[in-house]
Amino acid sequence: MSSTDARPRPRAFWADVRFLLGIVLIIGSVAGVWAVVITARQTAPALAAARTLVPGEAISPDDLHVVDVALGAARGGYLSPDALEPGAVVTRTIERGELIARAAVGSADAARVTTVVLPVAGDVPVAVSAGTVVEVWAAPQLERGTYGTPRVLVPSATVLSVTRGDTVMGGGETSLELVIARVDVSAALAALADGSRLSVVPLSGLLP
């Protein structure tokens, strides 16, 4: 065997290119993961509810607090401290501590709901509090102290506040400030005017 035959063959060019391509892919993968990690760690100020807010309620600075959160690509879906417009109202219930989504806030002019205060008969369940969704039932007064068959007066209302006028004898009147659709206002006021007996039934948590 000659010395020429024993000499190792030179490495093919395509093998070097494949090696370099593999290095580039590894570097690119590591850089991509690092970028994702860095982005996930970046926080930005956002608004959160300091208390439960219900539909139709105007938002004031006292109702909010600023939190630093890492929202990533979802950042545009939530309100930042400088994005809240004066006179904005809540369009759906926002629980205490929940971030304020842009979709949950609208203008007062576009609001389809309003608030009314209704006195209710009997005891109100303890579970009924701010944010609870209820039905309002009305039993028409036939004569003094006599009432007809109850019917649904307002199919869906959100409780804004509950005032229990408890007395030592337990005879206090309870009234609820409710957020109701504007189309239901006339019926609610008519029931108040004719002395109907009003009651509320919680809808939240009912089995289907």
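**Figure 1. The largest pocket of this predicted model holds about 220 Å³ of space.** A total of 13 residues line the largest pocket, and P119, V120, A121, E173 and R197 are the ones that lie nearest its centre. By residue type, the lining of the largest pocket splits into seven nonpolar, four polar and two charged residues.

**Figure 2. R197 sits over the ring of Y147.** Here we stay with R197, one of the residues nearest the centre of the largest pocket. R197 lies over the face of Y147, and the distance to the ring centre is 5.9 Å.

**Figure 3. S175 is a buried residue in strand β10.** The strand in question, β10, covers residues 174-181. S175 has a relative accessibility of 19%, so it counts as buried, the cut-off being under 20%. Leaving aside residues up to four places away in sequence, S175 touches V117, L118 and P119, along with S161, V162 and T163. Of these contacts, P119 turns up in Figure 1 too, as one of the residues nearest the centre of the largest pocket.

**Figure 4. P81 sits in a loop and is partly exposed.** The loop with P81 runs between strands β2 (64-69) and β3 (88-90). P81 has a relative accessible area of 38%, so it falls in the partly exposed class, between the 20% and 50% cut-offs. Setting aside residues up to four places away in sequence, P81 touches P45, A46, L47 and V66. Take L47: P81 and L47 are 34 residues apart along the chain, yet their C-alpha atoms are separated by 6.0 Å.

**Figure 5. Stepping back, the chain has three helices and 11 strands.** Follow the sequence and the elements come in the order α-α-β-β-β-β-β-β-β-β-β-β-α-β. The chain has 208 residues, and buried ones make up 28% of them. As for contacts with a separation of 6 or more, 63% are between residues 24 or more positions apart.

Notes:
Residues are numbered from 1 along each chain as its sequence is written. This is a predicted model: local features need pLDDT of at least 70, side-chain atom pairs count only at pLDDT 80 or more; totals for chains, interfaces and linings use all residues. Side-chain values use heavy atoms; hydrogens and water are left out. A charge sits over a ring if NZ of Lys or CZ of Arg is within 6 Å of the ring centre and within 35 degrees of the ring normal. On a 1 Å grid over the protein atoms alone, a cavity is a set of points where a 1.4 Å probe fits but cannot get out, and a pocket is an open set with protein on both sides within 12 Å along at least five of seven lines; lining residues have an atom within 4 Å of a point. Grid points are joined across faces, edges and corners, and a volume is the space filled by probe spheres set on the points. Ala, Val, Leu, Ile, Met, Phe, Trp, Tyr, Cys and Pro count as nonpolar, Asp, Glu, Lys and Arg as charged, and the others, Gly among them, as polar. Helices (H or I, at least four residues) and strands (E, at least two) are DSSP runs, numbered from the N terminus. Buried means under 20% relative accessible area, exposed over 50%, partly exposed in between (1.4 Å probe, protein chains only). Contact means heavy atoms within 4.5 Å.
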